Amino acid sequence: MVDYARRHPRTALRLCAFMGLPADGSNESLRAAGHAIPFVRLEAGAGHSPAGRRPR
């Protein structure tokens with residue numbers, strides 16, 4: 001969550017507020033929020049391209 005907040009500071013704090021997590025913008029509070037929020041990473045499988053793009 002700390003890395004996400006570096007890229008999207010306002011959105012990160014709004015997400016924490018929406019989920020009722022006490023984050024004040026400090027690395028410690030964002031790290032604690034990151035443990036409470038389930039993050040997932042999606043990656044395209046072999047032979048698939050990003051949405052809207054077709055291989056040439």
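Helices, in the sense used here, are DSSP runs of H or I with at least four residues, and strands are runs of E with at least two, numbered from the N terminus. By that assignment the protein, which is a predicted model, contains three helices and zero strands, and from the N terminus on its elements follow the order α-α-α.

Turning to the chain as a whole, buried residues account for 16% of the 56 residues in the protein, while the accessible surface comes to about 5,100 Å², with 54% of that area belonging to carbon and sulfur atoms. Among contacts between residues at least 6 apart in sequence, 26% join residues that are at least 24 apart.

Methionine 19 sits in the loop that lies between helix H2 (9–18) and helix H3 (27–36), and because its relative accessibility is 39%, methionine 19 counts as partly exposed.

When neighbours within four places in sequence are left aside, the residues in contact with serine 29 are Pro22, Ala23 and Asp24. A polar atom of the serine 29 side chain also lies 3.5 Å from the backbone nitrogen of glycine 25.

Notes:
Residues are numbered from 1 along each chain as its sequence is written. This is a predicted model: local features need pLDDT of at least 70, side-chain atom pairs count only at pLDDT 80 or more; totals for chains, interfaces and linings use all residues. Side-chain values use heavy atoms; hydrogens and water are left out. Buried means under 20% relative accessible area, exposed over 50%, partly exposed in between (1.4 Å probe, protein chains only). Contact means heavy atoms within 4.5 Å. Accessible areas come from the Shrake-Rupley method with a 1.4 Å probe; for residues, only the protein chains shown count as cover. A polar contact is a pair of N or O atoms within 3.5 Å; within protein, one must be able to donate a hydrogen and the other to accept it, and residues adjacent in sequence count only if both atoms are side-chain atoms.
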